[in-house]
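Thank you all for making time this morning.

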Amino acid sequence: MGSFKSELEFEDLLEDVGDFGKYQKRLIIFFLIPSAALLPWFTMNILFLVFTPDHWCNVPEVSESNLLLEVQKSIIAPQESLSCYRYDLNYTDFLMRGDLHVKNGTPVIPCDSGWQYDTTYFEETAASKWNMVCKDDHYPSFVMTLTNVGSIFGTPIYGTLSDRIGRKPVFFIVILVTAMTAISSILMTNFTAFLVLRTINGSLMPSVFQLPFIILLELVGPTMRTRLNGISNAAWTAGLCLLPLVAYLSKHWVTFGLITSSTSALMFCYWKFLPESARWLISQEKYSEAAVILNRIAETNGKPIDPAELRLKIKNLGERIKKEKKMDEVKNTASDLIRYPNLRKKFLIISFCWVADMFAYYGLQINVPNLGGNPFINFFILSIVEVPGLICSWYFMEKYGRRWSSVSFLILTGSSCLLVAIVPEGIPYVAIVCSLIGKFGASAAFMAVYQQSSELYPTTVRSIGMGMSGTFAGVANIIVPYVVFMAVFGKHIPFLIIGLINFFAGISAILLPETLNEILPQTIQDAERFGKGQKCFSCSSRRLSSDSLHEEQSPKLLNDNC
């Protein structure tokens, strides 16, 4: 590949102390899996909190009568306008007459005494509490939009902070603010305060998801990175599948919100258990702290190591990184992602792939009205379809590499959406089947693209890079509801837009280098060299032996495993 010279890398240190031993497995079992499983509880609960139940005009005389509910609805308004209008009648006189037949042509007027809500699924939601219906029916979408707006500003801030002061402190700062804003927003009686707190809460969500993964990623060897990503995403999906059950059992949005939001506070139990990233500590010239952590890893993994030799290796690696930083005159800021041509190309392509995947993941979730019926079952179906997607992505990433996995799944997602746009609307089940295939592809593509981004960005700006790509994805989330809204002009339009974006993202992903079994770039200079010797159409990068990690890489070490 020609990317790295025969110099000490952090992967060499991991090999000395154990790159996937008891220490890393303990972190995965007791930290990564529980935290990833709980994440959707306080990041995706907003979809149920602002759920809008069926509703109709509240007419006190009718609601206080002993009439069956269906009869009440029939005398309040025509079925097609029941949600927002009522007949212009004197209901006291109407009910006293005993004739419950409303004459054809009876005029209707907007609801003037509030609404009644169907309590089949929820006794109350934020939408029914603040009457986010009829002329105010845009507010549930507005709440979710503000959540995404918050992430646009929050993600680069927390990503930069993570690269400046460390992964561990920022993770707990994010968790603290998440718990405070999530719980207090549920208890608010003022709607404006509720919106402000949910916006602040939304600014934290991408960082809450990324930081646990980054912390573990920087403590395992190259061969374990895909497994780590698969475990993290599988745990997320498991938590996502359980979320509708919690909503179903809660019945009330305050109860549901407090249960799901309070789980974020449980993360503080990891304060003493969670280590700082030794890779990050070395990049910040904190050699003694890095040595303590690596010694602890070696001791737990049963790998005998000379502390003095380890400290010398750490110092040598740190000095090389320091020297390369000075040569590059790099300040390790977001501007570095654009300043350097090779890194800029990767950043733009990765960000485009994130945007495309968010369009598909959230767009298809919003745009599946054909499923209808029970919202808890619908949510579960849209969640469980991710399981085969993650399994396939995991297998293909290890077999054929990250590049062709992301390319294939993005194109699959795009093609399934374009098929809906091409096939005539009269053919049944096409939209449903293709939507589920698209969600499958979007889930698989997310895992592959996320893996690529975590491996292509160098350690010194890894959190910044992933945060900036997440920011672009946040912008996509703001636009998606409006793309889906264009279905009023033609049901094929959202599918067409989502399909084209994903198809072109898949094509552009071909230009990214392969990262399977490769040493993670540590500095900007490493990132600039990375991938320059790779064949464009190679399927994966295989190393001849572990010793080759220390040797000059050459193109002949790259094999086409297609």
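Before anything else, one definition: a residue counts as buried when its relative accessible area is under 20%. Please also keep in mind throughout that what you see is a predicted model.

With that cut-off in hand, let me start with C134, which sits in the loop between helix 7 (126–129) and helix 8 (139–165). Its relative accessible area is 16%, and since buried means under 20%, C134 is therefore classed as buried. Is K251 buried or partly exposed? With a relative accessibility of 24%, K251 counts as partly exposed.

Let me turn now to the interior. As a general background remark, nonpolar side chains in soluble globular proteins tend to be buried together. In this model the largest nonpolar core has 129 residues, and the members that touch the most other members are I282, L294 and I314. Which element gives this core its largest share? That is helix 18 (residues 341–366), which contributes 13 residues. If we take I282 and leave aside residues up to four places away in sequence, its contacts are F10, L13, Y287, A290, I314, L317, G318 and I321. Apart from this core lies another one, of 13 residues, and among them are L82, Y87, Y91 and F94.

Staying with buried positions, helix 5 (residues 69–76) has Q72, K73, I75 and I76 buried. The buried residues of helix 5 pack against both helices and strands, namely strand 1 (55–57), helix 4 (60–63), strand 2 (85–87), helix 6 (91–97) and strand 4 (115–117). A further buried residue is V461, with a relative accessible area of 0%, and V461 lies in the loop between helix 22 (430–456) and helix 23 (462–485).

The next topic is the charged pairs. Across the whole structure, a search finds 15 salt bridges, and I will go through some of them. E218 pairs with R167, and their closest N and O atoms are 2.8 Å apart. This pair links distant parts of the chain, 51 residues apart, with E218 in the loop between helix 11 (205–217) and helix 12 (225–250) and R167 in helix 9 (residues 167–187). E218 is buried, with a relative accessible area of 0%, and R167 is likewise buried at 0%.

The salt bridge between E398 and R402 has its closest N and O atoms 3.3 Å apart. Here E398 counts as partly exposed, at 29% relative accessibility, whereas R402 is buried, with a relative accessible area of 0%.

A further salt bridge joins D526 to R529, with 2.8 Å between the closest N and O atoms. Why are these two separated by about one helical turn? It is because D526 and R529 are three residues apart in helix 25 (residues 524–529). Both D526 and R529 are buried, and salt bridges that share partners join E9, R320, D526 and R529 into one network.

Finally, let us consider how helices meet. In general, two packed helices are described by the angle between their axes and the distance between the axes. The axes of helix 2 (residues 22–43) and helix 15 (residues 287–301) come within 7 Å and cross at roughly 95 degrees, so helix 2 and helix 15 are roughly perpendicular to each other. On the helix 2 side the contact involves K22, Y23, Q24 and R26, which meet R296, I297, T300 and N301 in helix 15. By class, this contact of helix 2 with helix 15 has two nonpolar, three polar and three charged residues.

By class, the contact of helix 8 with helix 11 has three nonpolar, four polar and no charged residues.

Technical notes
Residues numbered from 1 in each chain as written. Predicted model: local features only at pLDDT ≥ 70, side-chain atom pairs only at ≥ 80, totals over all residues. Heavy atoms only, no water. Axes fitted to C-alpha atoms, helices over the stretch in contact; angles between N-to-C directions. Helix = DSSP H or I, 4+ residues; strand = E, 2+ residues; numbered from the N terminus. Parallel < 35°, antiparallel > 145°, perpendicular 65-115°, else oblique. Contact = heavy atoms within 4.5 Å. Nonpolar A, V, L, I, M, F, W, Y, C, P; charged D, E, K, R; others polar. Core = buried A, V, L, I, M, F, W, Y, C linked by side-chain atoms within 4.5 Å. Buried < 20%, exposed > 50% of the residue type's maximum accessible area, 1.4 Å probe, protein only. Salt bridge = Lys/Arg side-chain N within 4 Å of Asp/Glu carboxyl O.
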